[in-house]
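Subject: Structure handover

Hi,

Here is the structure for you to look through. My notes on it follow below.

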Amino acid sequence: MKWFGKRKWFSLALLMMIILFVSSHTPYQKQDMKPFFKGMISIQEEDLPPIEFTYDGALVTPSAPYQYVEFFLRKGAHVASFGLLAFLCIMAWKESNRKASLILGSLTAFLYALFDEYHQSLVEGRTGHLIDVLVPDSLGIVLTFMVFVIISQRKSKAAR
């Protein structure tokens, strides 16, 4: 338990990576949220914004309302998960007294995102898409990076 106290951020980052690994290893059919939504709420095309686009070759359209909502929830989960992972990795590198902890932590989270998508491509019923790394995963990492920069700047101004 002493080791955990000295390396709590490293341990939490590792735990988050394990959670992401298990989630990526779960077949899509077991994660499909559409049946849950259909049983809980009624979503109609007119309830959703009339925005339609192609994402990695698939049409995302409000004319398929449950898929539309699930798409945004899944991509939002990517942003949040990799933002949290970036935070934990940055803190883990800070814990190791690294000067470039912000860069190293963000890079660690990005490299894990690449690994995670590759791993997902090997799981039956799942696909790995580089666009997921480049858009929602990177967005979460960049947002976390920016929060650290803003906080650091405010601390510097307050210290003057």
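Start with Thr144. Leaving aside neighbours within four places in sequence, Thr144 is in contact with Gly83, Ala86, Phe87 and Ile90. Thr144 itself sits in helix 7, residues 130-159. Is Thr144 buried or exposed? Its relative accessible area is 11%, so Thr144 is buried. The cut-off for buried is under 20%. Please keep in mind throughout that this is a predicted model.

Now the overall layout. The chain has seven helices and two strands. From the N terminus, the order of elements is α-α-α-α-β-β-α-α-α. The C-alpha trace spans about 55 × 40 × 30 Å along its principal axes. The chain has 160 residues, and 35% of them count as buried. Take the contacts with a separation of 6 or more: 63% of them join residues 24 or more positions apart.

Next, helix 5 and its partner. Helix 5 has 31 residues. From first C-alpha to last it reaches 45 Å, close to the 45 Å expected at 1.5 Å a residue. Helix 2 (residues 8-25) packs against helix 5 (residues 65-95) at an angle of about 150°, with the axes 7 Å apart. Helix 2 is therefore roughly antiparallel to helix 5, as angles over 145 degrees count that way. Their crossing is left-handed.

Which residues make this contact?
- From helix 2: Lys8, Trp9, Phe10, Leu12, Ala13, Met16, Met17 and Leu20.
- From helix 5: Ser81, Phe82, Leu84, Leu85, Phe87, Leu88, Cys89, Met91, Ala92 and Glu95.

By class, the residues in the contact of helix 2 with helix 5 are 15 nonpolar, one polar and two charged. Phe87 of helix 5 is in this contact, and Phe87 is also among the residues that Thr144 touches. Just after helix 5, Asn97 takes a positive phi of about 60°.

Then the other helix pair. Helix 6 and helix 7 cross at roughly 160°, and their axes come within 10 Å. That angle makes helix 6 roughly antiparallel to helix 7. The crossing is right-handed here. The contact is built as follows:
- From helix 6: Leu102, Ile103, Ser106, Ala109, Phe110, Ala113, Leu114 and Glu117.
- From helix 7: Leu130, Asp132, Val133, Asp137, Ser138, Ile141, Phe145, Phe148 and Val149.

The contact of helix 6 with helix 7 has twelve nonpolar, two polar and three charged residues.

Leu102 lies in helix 6, residues 101-121. What does Leu102 touch, not counting residues up to four places away in sequence? Its contacts are Ile90, Phe145, Phe148 and Val149. Ile90 is also on the contact list of Thr144. Leu102 and Cys89 are 13 residues apart along the chain, and their C-alpha atoms are separated by 8.6 Å.

Last, the strands. Asp56 is in the loop between strand 1 (53-55) and strand 2 (58-60). Phi of Asp56 is near 50°, a positive value in a residue other than glycine. Asp56 is partly exposed, with a relative accessible area of 40%.

Best wishes

Technical notes: Residues are numbered from 1 along each chain as its sequence is written. This is a predicted model: local features need pLDDT of at least 70, side-chain atom pairs count only at pLDDT 80 or more; totals for chains, interfaces and linings use all residues. Side-chain values use heavy atoms; hydrogens and water are left out. Axes are lines fitted to C-alpha atoms, for helices over the stretch in contact, and angles run from 0 to 180 degrees between N-to-C directions. Helices (H or I, at least four residues) and strands (E, at least two) are DSSP runs, numbered from the N terminus. Angles under 35 degrees count as roughly parallel, over 145 as roughly antiparallel, 65 to 115 as roughly perpendicular and the rest as oblique. A crossing is left-handed if the near helix is turned anticlockwise from the far one by less than a right angle, and right-handed if clockwise. Contact means heavy atoms within 4.5 Å. Ala, Val, Leu, Ile, Met, Phe, Trp, Tyr, Cys and Pro count as nonpolar, Asp, Glu, Lys and Arg as charged, and the others, Gly among them, as polar. The expected span of a helix is 1.5 Å times one less than its number of residues. Buried means under 20% relative accessible area, exposed over 50%, partly exposed in between (1.4 Å probe, protein chains only).
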